[in-house]
Amino acid sequence: MAEFTEIVKDYFTNAQVSKSALMDLLSEFLAVEEGGQRLYEKALELVFDSEVKTKFREFLKQTMTHQKVLTEIINKLGGNPRAQSHTAKIASQKAEALLRTMGDPRLSRDQNQLNAMENIVLVETKDHADWELLGKITRQTTDNRLREVLAPAAKTVEQEEDEHLNWTRKKLGELQMAALSQNRKPDASGNGHDSERQAARPATVVKRPKASTKPQMKRKSGTANGKARTGRGNRSSH
């Protein structure tokens, strides 16, 4: 959601929104939501963290609801939701490009999970920006009809988009740190990455205890006594 000072400023700023430009944007925003749905569906095949799975199922349902909301907005404003603008087609191509990077057999199970989450962060960053813009339009527009159509949707959806982006970004950072930790459990895929990390650790140096000097002191003492006895023997012979 936009900063409080920015929101206040918007209410004191008037803007005449081009309807044709807005309809192109709404078409693009709908394509982003549709791409987000496909990315969530693919991500759910790859992620195995139970908390991530639960959240992604929730976010997927909300993403599908957001598509319906945008479809209703386009219809109310006299547009055709099935007609894609040029920017909407580009948004669809971007989603397809991200999908092609998911489930790569060269990556470990952990790496595929992290990559799936990174792609979700990318699409949610765009999605979040889209709904922030709709909120800004709602506050600045001089068109009462446009404000009436956009305001309820922008208020509800923008809050959900905040959670989608903030939660996924935070959880991604936590899992990335866990993957970097040398104390983590062996990778479930059995790809040997953990054994390689263990092999890379420096060998432990075992210090041997120093040899005791007491026996040497006894030998020295014995020699000295022997010399003393020899000396006494020589004196008695004389």
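Helix α3 passes helix α5 in a left-handed crossing, meaning that the near helix is turned anticlockwise from the far one by less than a right angle. The model is predicted, with local features requiring pLDDT of at least 70, side-chain atom pairs counting only at pLDDT 80 or more, and totals for chains, interfaces and linings using all residues. Residues are numbered from 1 along each chain as its sequence is written, and side-chain values use heavy atoms, without hydrogens and water.

Two packed helices are described by the angle between their axes and the distance between the axes. The axes of α3 (residues 50-76) and α5 (residues 109-140) cross at roughly 35° and come within 13 Å. Helices are DSSP runs (H or I, at least four residues), numbered from the N terminus; axes are lines fitted to C-alpha atoms over the stretch in contact, with angles from 0 to 180 degrees between N-to-C directions. On the α3 side, V52, F56, T63, H66, V69 and L70 make the contact (heavy atoms within 4.5 Å). Their partners on α5 are M117, I120, E124, W131 and L134.

T63, in α3, is buried (under 20% relative accessible area, 1.4 Å probe, protein chains only), with a value of 1%. Leaving aside residues up to four places away in sequence, T63 touches E33, G36, Q37, Y40, E124 and H164.

E96 lies in helix α4 (residues 86-100). E96 and L39 are 57 residues apart in sequence, with their C-alpha atoms 8.7 Å apart in space.

How values were computed. Helix = DSSP H or I, 4+ residues; strand = E, 2+ residues; numbered from the N terminus. Buried < 20%, exposed > 50% of the residue type's maximum accessible area, 1.4 Å probe, protein only.
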